[in-house]
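I opened this notebook to record what I looked up about aromatic rings and their surroundings. The entries follow in the order of my reading.

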2 protein chains.
Amino acid sequence: MEKNRENDVRLRLIRAGLCELEEHGVSDFSLRRVAAAAEVSCAAPYRHFKDKNELILAIIAHVRESWELLAKNIYEIYSDKKDRVVQLSVAAVRFWLANGNFRSVLLTGQSELDDPRRKELSKFDAPLTSALSEYTAEANKDKGELEFLVLSLTYGAVSLTVGGNISTEAAVENLRSALHSLL
Amino acid sequence: MEKNRENDVRLRLIRAGLCELEEHGVSDFSLRRVAAAAEVSCAAPYRHFKDKNELILAIIAHVRESWELLAKNIYEIYSDKKDRVVQLSVAAVRFWLANGNFRSVLLTGQSELDDPRRKELSKFDAPLTSALSEYTAEANKDKGELEFLVLSLTYGAVSLTVGGNISTEAAVENLRSALHSLL
DNA sequence: GACCGTATGTTAACACTGTTAACAACAGTT
DNA sequence: AACTGTTGTTAACAGTGTTAACATACGGTC
């Protein structure tokens, strides 16, 4: 019961923090506002997280879990190794674009001043790279070069959309056709 | 003399702000620290910039100028239209990677909460796209598709390097060969 | 030359932020 | 029953962006 209470507050903080991140972005992330939203005192977060940074880290880890769940689903749905790569790449773009202000954290790890864990957690290419290496093994293609191209196009599609050059759908369509002619 | 003084402080603030950005990143950007580094009082910046955000904007504009100068040089050095595209793309990657913590601002425009001007100023593809459209006109190639590929690979190379997947040199080398086989 | 408005700097204050210390309530252990 | 550790509170600290009130010097007008 008491252990539940603990997890309750911790989870509420993470959820409220996620909203805060979406609403105010990372540079205006207010720990006190998060605490207020979670209906606890402004010092309560320090019982669960060492730092404001540590809370943000936990939030990123939380989002990452949901991404890996999604990626796992996609991986299981598609049995063709080439399809997996294409679908995972497109899904990665969609997922990250859907995560609003979160993107600056996820894409760049915000800055290298922040501990590397943030950058590590922000990587969302693990499912993609493993699917890709399975494909290259099967198709007898050069892995190194292809990995650069696929990852680069994926990240690039995100950046391009964020930058306002193209719409999400245009990015996805371009990415899809590029990958198909590439693989 | 007095007009010089004005520009002096303004410029000193921008320069100090640039250092601050490199040292502390955008989320820890302290206006008071910048003012102290520029050896003025903490309220002085408000005589030259409406906001902390407006100062950051001015800093970005400042960096953008130097990028466009560099791009112009490259454009003039290389007369072959294809070479221009490749060199500009590589230079863009190098330039952005060299600008440290600045990247989060430049790449993503930090967040869409911030006024769109920041995002607009952060775009560094204008020289690249114009060189590219000159190339496609000359070589009779499809512009739309190629533009996505080139820009995507360029941005992607930056993201990939920032993410820690590959080194700068590996990214540049991969990018170069990809562009050569693409154009 | 005296006067005035404008531009640029200062200091002092405001509310807000992250963080910590001191304290209270409660669980489980011995 | 006494002790210990966990989780929450409130109160305080320094640092932040921002604004208001004041000071000073400059350029143009009578």
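Predicted model: local features only at pLDDT ≥ 70, side-chain atom pairs only at ≥ 80, totals over all residues.

Entry 1. I turned to chain A and asked which aromatic pairs could be listed. The count over all chains comes to 12 aromatic pairs. One of them joins Phe124(A) and Tyr155(A) in an edge-to-face arrangement, with 5.1 Å from centre to centre and 65° between the planes. I noted that this pair links distant parts of the chain, 31 residues apart. Phe124(A) lies in the loop between α6 (116–122) and α7 (126–139) of chain A, while Tyr155(A) belongs to helix α8 (residues 143–162) of chain A. I recorded both Phe124(A) and Tyr155(A) as buried.

Entry 2. I returned to chain B, where Trp67(B) and Phe124(B) form an edge-to-face aromatic pair, 6.3 Å centre to centre with 75° between the planes. Their positions are 57 residues apart: Trp67(B) is in helix α3 (residues 52–77) of chain B, and Phe124(B) is in the loop between α6 (116–122) and α7 (126–139) of chain B.

Entry 3. Which residues form one aromatic cluster with Phe124(A)? I listed Trp67(A), Phe95(A), Trp96(A) and Tyr155(A) beside Phe124(A).

Entry 4. Lastly, I looked up charges over rings. The charged end of Arg84(A) sits over the ring of Tyr75(A), 3.8 Å from its centre.

Terms used
Residues numbered from 1 in each chain as written. Chains lettered and ligands numbered in written order. Heavy atoms only, no water. Phe/Tyr/Trp six-rings, centres within 6.5 Å; stacked < 30°, edge-to-face > 60°. Helix = DSSP H or I, 4+ residues; strand = E, 2+ residues; numbered from the N terminus. Buried < 20%, exposed > 50% of the residue type's maximum accessible area, 1.4 Å probe, protein only. Lys NZ or Arg CZ within 6 Å of the ring centre and 35° of its normal.
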